[in-house]
Amino acid sequence: MATAIIGGMLNSNFTSADCINIFDLNKDKCNDFISQGVTFCSSADEVAVDSDVIVLAVKPQTYPDILGDLSKIDCENKVFVSIAAGISIAFIRKQLSQNVKVVRVMPNTPLLLSKGASAMCKSDNTEDDEFNVVKNMFSLSGVVEIIDESHMDEIISVNGSSPAYIYLFTKSIIDYAVESGIDEKKALNLICATLEGSAAMMRESGDDIDTLIKKVSSPGGTTIAALNSFEENNFTDIMKKAMNACANRAKELGK
């Protein structure tokens, strides 16, 4: 995810490369950005000292250790950006023992192709101009929506984890096609185009989703037979249970 964020900034000339400070335990992961002029720091502490906006691009389980180290630094006037599931504004402030400014972001992996979707919220002491800097960082690589922090765990299932659900759904369609004797590459090309077209219909047709479903589903036709099978097998309930499991896991990670 850090690769997508930095890549978006470099490709759009959001800021000069030497204004971006990075650190990773494995320096080799950073070589591509270092070759473009990004500054590699000797530690996370050095990044925090030399930066106004600090993106914590680490897993939730790593936050206590990272924030514990950074708590020794005066961070009151810095903006911390968290992209980890379940990590709340209050958690970050508690670990740092400082009333820092925080922006929570839930991005997704299509940021790598500048097709991302990011949900964001901010702490009450984060100024609008500071928030807009972070918002623009993610807007470079896709769409951004602002939501209340109380929904940040649930939003993970909506855009953060949902690419995996879509890939699984797509895989099941391709598996069926292959089992039916259809060429896998041709099936993949068709379903990918269908997903892109369906997304465009939801955004641009002016119809709500229920109407779009009806327009594909002629009474007594093939589509309605498939939809009836989905309903008989509780497809909607299965999806909701899976999304709840995702949100509940986020809450566990934030404890």
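In the predicted model, helix α9 opens with a side-chain contact: an oxygen of the aspartate 183 side chain comes to within 3.1 Å of the backbone nitrogen of lysine 185. Glycine 206 follows α9, and its phi is positive, near 90°.

The largest nonpolar core comprises 23 residues. Val103, Val105, Val134 and Phe138 have the most contacts inside this core. Two or more residues each come from α1 (2-11), β4 (79-82), β5 and α6 (128-139). Helix α1 supplies the largest share, five residues. Valine 105 illustrates the packing. Beyond its neighbours within four places in sequence, valine 105 is in contact with Val81, Ser82 and Ile83, with Ser118, Ala119 and Met120, and with Val134, Phe138 and Met152.

Asparagine 108 lies between β5 (101-106) and β6 (116-122). Its relative accessible area is 6%, so asparagine 108 counts as buried, the cut-off being under 20%. The asparagine 108 side chain reaches the backbone nitrogen of alanine 117 at 3.0 Å. Residues up to four places away in sequence aside, asparagine 108 touches Met1, Gly116, Ala117, Asn159, Gly160 and Pro163.

Note on methods. Residues are numbered from 1 along each chain as its sequence is written. This is a predicted model: local features need pLDDT of at least 70, side-chain atom pairs count only at pLDDT 80 or more; totals for chains, interfaces and linings use all residues. Side-chain values use heavy atoms; hydrogens and water are left out. Helices (H or I, at least four residues) and strands (E, at least two) are DSSP runs, numbered from the N terminus. Buried means under 20% relative accessible area, exposed over 50%, partly exposed in between (1.4 Å probe, protein chains only). A polar contact is a pair of N or O atoms within 3.5 Å; within protein, one must be able to donate a hydrogen and the other to accept it, and residues adjacent in sequence count only if both atoms are side-chain atoms. Contact means heavy atoms within 4.5 Å. A nonpolar core is a set of buried Ala, Val, Leu, Ile, Met, Phe, Trp, Tyr and Cys residues joined through side-chain atoms within 4.5 Å.
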